[in-house]
Amino acid sequence: MRAIITVIGVDRIGIIAEVSTLLAEANVNILDINQTVLDDYFTMTMLVSLEALEISLEELKKELVESGEKLGVSIRLQHEDIFRSMHRI
Amino acid sequence: MLNTYEIMETIRMLEEEKLDIRTVTMGISLSDCADGDGERAREKIYNKIVNYAGDLVKVAEEIEIKYDIPIINKRISVTPISLIAAACEDKDYIEFAKTLDQAAKEVGVDFIGGFSALVHKGMTAADKKLINSIPEALAQTERVCSSVNIGTTRAGLNMDAVAQMGRIVKECAELTADNGGVAASKLVVFANAPEDNPFMAGAFHGVGEGECMINVGISGPGAVKAALTKVKGEPFDQVAETIKKTAFKITRMGQLVAKEASEKLGVTAGIVDLSLAPTPAVGDSVARILEEMGVEVAGAHGTTAALALLNDAVKKGGVMASSHVGGLSGAFIPVSEDAGMIEAVEKGALSLEKLEAMTAVCSVGLDMIALPGKTTAATISAIIADEAAIGMVNHKTTAVRVIPVPGKDVGEEVVYGGLFGRAPIMKVSEFSSIDFIARGGRIPAPLQSLKN
């Protein structure tokens, strides 16, 4: 399955490094990455493939949320279909 | 790839605007559970529900994780019990309600609906037993919900049933006087009840439905309100367009969840209900949408027109987003479950009469309204009759879910907590409807019923 990871919060050094290390350890492949500042917030969206994921989806989400808390940003992971169904006819 | 703005719009809807799926409701036919022996019938009912719905909560939770979208309630609706229990000789059907409650607890759902009877034209012996069992059944169970359909556009209004339901609502409240009359909040009196409604307390699995279906109820008043803040002062054409677009997006999410849940559970996808269902949480209010349109407080003049536009635009946006739309599909205006409605009542801006007018242009009726404990059964019946008449004449579903709170009067409030919220006691007319309700019989079906 392909999912979208969003990272929102105040910009600081090492956010991408931290998140991508975590993903690499869980065997998650990053397909696309996009970073911008929206309404004064650092906003990163990542398209990832979870085909080779080595832990459960629930565990991966938990790890992402925990690392988000450490970095002071909010991290979500959602199957890409929720965005597709909302924004594509 | 999707662009960042689109992704962020969805995230904002979920995070800040309280967008969620209100309910995933599994409808289960119990028609093969009828048995001459009540005990045996209940055993079959329990086994069938546990068998079919055993994975419902688990699957819903998996979907919550996969899409990171909250599914607030998982529910079950069943064939109206009066139809199933009719085969047995039991004197009352309270035991059937207890069986439903046990099954609901076993599979972990929040509510189970279908302790119901359809009596819009007349009552069978079983319908009478069921209706007489409602107060004890709701007082002795936690998760069971009950509904009675007392009128349709085709059949007119069964005024004997209307008279009786006033008394039943009173009894429900009195039996649970210690808890603010909470049993009455689990009972809905309908006109033109839909067979595939996923929302409680009025959900039941209609006789025209399949063996097992998944129906989904969306939510999202907060997202609509937020979208409207961007068109402040613009003409209504813009307002309607904005609501339509938002409703489309919200409904697509409901459709996604309905499809996924039905596939994972291996049952037929039924309908997506487009109703905007509020919750007592701040920012999840239908009243605030009406106020965003420009009425100072919900209930001020203009509110009915605002609601008519909202209800229509939600349907127009939602209908293209889903393969099958059904259930109630209209804006809900429950008082206790909507922070803006509660405030409007407390400010004296919103009266029972205004709410009645509002129900003529939206779903679903006088919902979650607390009345003074001294309100008579005849007055409650008359409220039901007025509301049912609106439904009958306008070819739409209307319902009454009122709670005559024992020992409380206007100026006080009752607190239920959770999704049921809190409700200020509303004033009812002090003039009598006793002679009107005492007539009984049927109000004939209106001319609108003769469409063939």
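Is Thr10(B) buried or exposed? I looked it up, and Thr10(B) is buried, with a relative accessible area of 0%. A reminder to myself before going on: this is a predicted model.

**Entry 1: confidence.** I checked the scores next. The predictor gives the complex an ipTM of 0.90 and a pTM of 0.94. For chain B the average pLDDT is 95, and 100% of the residues score at least 70.

**Entry 2: around Thr10(B).** I placed Thr10(B) in helix H1 of chain B, residues 4–15. Which residues does Thr10(B) touch, leaving aside its neighbours within four places in sequence? I found Phe83(A), Met86(A) and His87(A) in contact with Thr10(B). With His87(A) there is also a polar contact, side chain to side chain, at 2.7 Å.

**Entry 3: a patch on the surface.** I then turned to Ile89(A), which sits in the segment after helix H3 (81–87) of chain A. Ile89(A) is exposed, at a relative accessible area of 81%. Together with Val319(B), Met320(B) and Val325(B), Ile89(A) forms a nonpolar surface patch, and I noted about 430 Å² of accessible area for the four together.

**Entry 4: helix H10 of chain B.** How many of the eight residues of helix H10 (residues 286–293) of chain B are buried? I get seven, so I wrote the helix down as mostly covered, buried meaning under 20% relative accessible area. The buried ones are Val286(B), Ala287(B), Ile289(B), Leu290(B), Glu291(B), Glu292(B) and Met293(B). I looked for their packing partners and found these helices of chain B: H8 (221–229), H9 (236–265), H11 (303–319), H12 (339–346) and H13 (352–359).

Just after the helix, Gly294(B) has a positive phi of about 130°.

**Entry 5: salt bridges.** Side chains of opposite charge can pair when their charged atoms come close. My count comes to 38 salt bridges over all chains. I picked out three of them.

Glu62(B) pairs with Lys264(B), with the closest N and O atoms 3.3 Å apart. I have Glu62(B) as partly exposed at 34% relative accessibility, and Lys264(B) as partly exposed at 39%.

Glu241(B) forms a salt bridge with Lys244(B), at 3.1 Å between the closest N and O atoms. These two are three residues apart in helix H9 of chain B, which means a separation of about one helical turn. Glu241(B) is partly exposed at 36%, and Lys244(B) is partly exposed at 26%.

Asp312(B) and Lys316(B) make a salt bridge with their closest N and O atoms 2.5 Å apart. Both are in helix H11 of chain B, four residues apart, about one turn of the helix. I noted Asp312(B) as partly exposed at 35%, and Lys316(B) as partly exposed at 48%.

Which residues are joined into one network by salt bridges that share partners? I traced Lys58(B), Glu62(B), Lys66(B), Glu260(B) and Lys264(B).

Terms used:
Residues are numbered from 1 along each chain as its sequence is written. Chains are lettered from A and ligands numbered from 1 in the order in which they are written. This is a predicted model: local features need pLDDT of at least 70, side-chain atom pairs count only at pLDDT 80 or more; totals for chains, interfaces and linings use all residues. Side-chain values use heavy atoms; hydrogens and water are left out. Patches are made of residues with over 30% relative accessible area and no salt bridge: like charges are joined within 9 Å, nonpolar side chains (Val, Leu, Ile, Met, Phe, Trp, Tyr) within 5 Å. Accessible areas come from the Shrake-Rupley method with a 1.4 Å probe; for residues, only the protein chains shown count as cover. A salt bridge is a side-chain nitrogen of Lys or Arg within 4 Å of a carboxyl oxygen of Asp or Glu. Buried means under 20% relative accessible area, exposed over 50%, partly exposed in between (1.4 Å probe, protein chains only). pLDDT is the predictor's confidence in each residue, from 0 to 100. Contact means heavy atoms within 4.5 Å. A polar contact is a pair of N or O atoms within 3.5 Å; within protein, one must be able to donate a hydrogen and the other to accept it, and residues adjacent in sequence count only if both atoms are side-chain atoms.
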